[in-house]
Amino acid sequence: MAVLVVAEHDNESVRKATLNAVAAAQKLRSDIHVLIAGHEAGAAAKAAAQITGVAKVLHADAPQLRDFLAENVAAVVVSVAKNYSHLLAPSTSNGKNVMPRVAALLDVQQISDIVAVEGADTFVRPIYAGNALATVKSRDPIKVITVRTTAFDAVAAAGGNASVERLAAPADSGLSSFVGREVSKSERPELTAAKIIVSGGRGMASGENFTKVLEPLADRLGAAMGASRAAVDAGFVPNDWQVGQTGKIVAPDLYVAVGISGAIQHLAGMKDSRVIVAINKDEEAPIFQVADYGVVGDLFQIVPTLVEELKK
Amino acid sequence: MKVLVSVKRVVDFNVKVRVKADGTGVETANVKMSMNPFDEIAVEEAVRLKEAGVATEIVVVSCGVQACQETLRTALAIGADRAVLVETDAELQPLAVAKLLKAICQKESPRLVILGKQAIDDDANQTGQMLAALLGWPQATFASKIKLEKDSAVVTREVDGGLETDAVKLPAVVTTDLRLNEPRYVTLPNIMKAKKKTLEVLKPDALGVDVTPRLTTLKVVEPAKRKAGVKVADAKALVDKLRNDAKVI
């Protein structure tokens, strides 16, 4: 039986998280189909057909699918579920919203946020903010899975040549409607896709300091900007900057933690980064236990000097 | 409008959990337990809706061992009106909890159910969405703002890259994100008052729900530890390390 990956897309293109989910699906050694549920999403379906390793694209297109409302997207997934042994989606906010709804409609216990595939019914997933890894075996006939994107290297977005099949969308549920979206506009790379991330914590002391002190460093490195929950709770920066157990899970090549003490729930979101740098005035801060390179001192002196050194 | 809130008893968020030596799970004996932080936000939101004159009654539900009564008493002290414990010593997975909550919802007929988006022990992030699916109700997950109107709730949701606002018809299920509110401190007089409020205990069987787990945990291990690195003297030394040793810039 084939496996189905529910794509994360914006009706025009396929988001990178989909490529990570396809990589996880490849571990199951079956034909991989990708579902594009959207509106006027022909371009996204075409892009999905190019993904390496994809055998078929299912394209459901209807106005009620434009904004990915869980009720309507779940209905599409459920309509084809019986053809598949596994249904996977990346652990994005859409994936996390839709897949448990699908699982419940199929009377299946979902397996959230897998980081490894041990077999067709056995998976590894983090629990307790990543402080433990559980290996779980499912006895449901269909496996409904969300995939932690940082745990699987993305497959190539090009090189494939899958057929695209149109799929009829079930009628609008009429239960929910989309009102609006406020997308944080930024010239910077997206947090979960960035190669370098500069993050600030409570030590930044104000939102203004994120702009004055941290932004020049991020500019210099071409980095995305993140924050700890403490900085978000203090109102320094918006919530979608939050890295941690309940925010974004990231694993860039370089993670620079500035004025972040390193609470368990923050470490859960970034400890798989390749190289971690910590700048903190408290030399006992837990962040230094995971950092490859630490500088102890006043961030308001160190960060500007760092920017100058990087120019050399 | 009746509001139902569900709460879970979990290892306190300040506790550093330890994996059991035999690899069967994490150590929960003699560990401080508390209400799941997202559920505390859910209770607080319901209480604010009542204070604003929108909600008329708040029923708080927990599923699990007898000690969940303490968690329910905390919710009653925050301001919930009465409590229901679905008591069982069995392991409960999100689908089973969603089925228990569905049965309670069918008895209680709330117009709104508020849950935490995720429990900080199993980190599943499923129960609210599953409950909505089982009831055939709409869902608004990861809420940072809830505005109730006559027949609908307009909910601002924390999503990747920003905020999204959806309108859901009532009855509906909402799950909370961190910034929905800041829960109040529970005061001693309210703890005393909470002791007098009704707490009903039910068994899963009485609700006709089979809670048999679908997932078997084969083992639990500690993740590979990251080794602490080196401390460098200043920014100049740091740049040198990043350029020449780590080669990341």
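Select Ala55(B) first: this residue sits in the loop that connects helix 1 (37-51) to strand 4 (57-64) of chain B. Helices (H or I, at least four residues) and strands (E, at least two) are DSSP runs, numbered from the N terminus. The model is predicted: local features need pLDDT of at least 70, side-chain atom pairs count only at pLDDT 80 or more, and totals for chains, interfaces and linings use all residues. Residues are numbered from 1 along each chain as its sequence is written, while chains are lettered from A and ligands numbered from 1 in the order in which they are written.

Ala55(B) is buried, because 22 other C-beta atoms lie within 10 Å; a residue is buried at 20 or more such atoms, exposed at 12 or fewer and partly exposed in between, with C-beta atoms placed from the backbone. Display its contacts next, where contact means C-beta atoms, placed from the backbone, within 7 Å. Leaving out residues up to four places away in sequence, Ala55(B) touches Met1(B), Val3(B), Ala46(B), Leu49(B) and Lys50(B).

Move to chain A and select the open sheet of 7 strands, ordered 5-9-4-1-2-3-10 with parallel pairing. Two strands pair if DSSP finds at least two bridges between them. Strand 5 (111-114) and strand 10 (163-167) of chain A are the edge strands, each pairing on one side only. On average, neighbouring strands of this sheet are turned by 25 degrees against each other, direction ignored.

Within the sheet, 5 bridges link strand 4 (residues 84-90) and strand 9 (residues 143-147) of chain A in the parallel sense. Leu87(A) has Val144(A) of strand 9 opposite it.

Now show helix 1 (residues 16-26) of chain A, which runs at about 150 degrees to strand 4 of chain A. Helix 3 (residues 70-80) of chain A runs at about 145 degrees to strand 2 of chain A. Axes are lines fitted to C-alpha atoms, for helices over the stretch in contact, and angles run from 0 to 180 degrees between N-to-C directions.

Finally, select the interface, where 66 residues of chain B are in contact with 68 residues of chain A. On the chain B side, strand 9 of chain B gives the largest share, 8 residues. Across the two chains, strand 8 (residues 132-138) of chain A and strand 12 of chain B run antiparallel, joined by 6 bridges. Here Ser138(A) has Leu215(B) as its bridge partner.

Conventions
Two residues are in contact if their C-beta atoms, placed from the backbone, lie within 7 Å.
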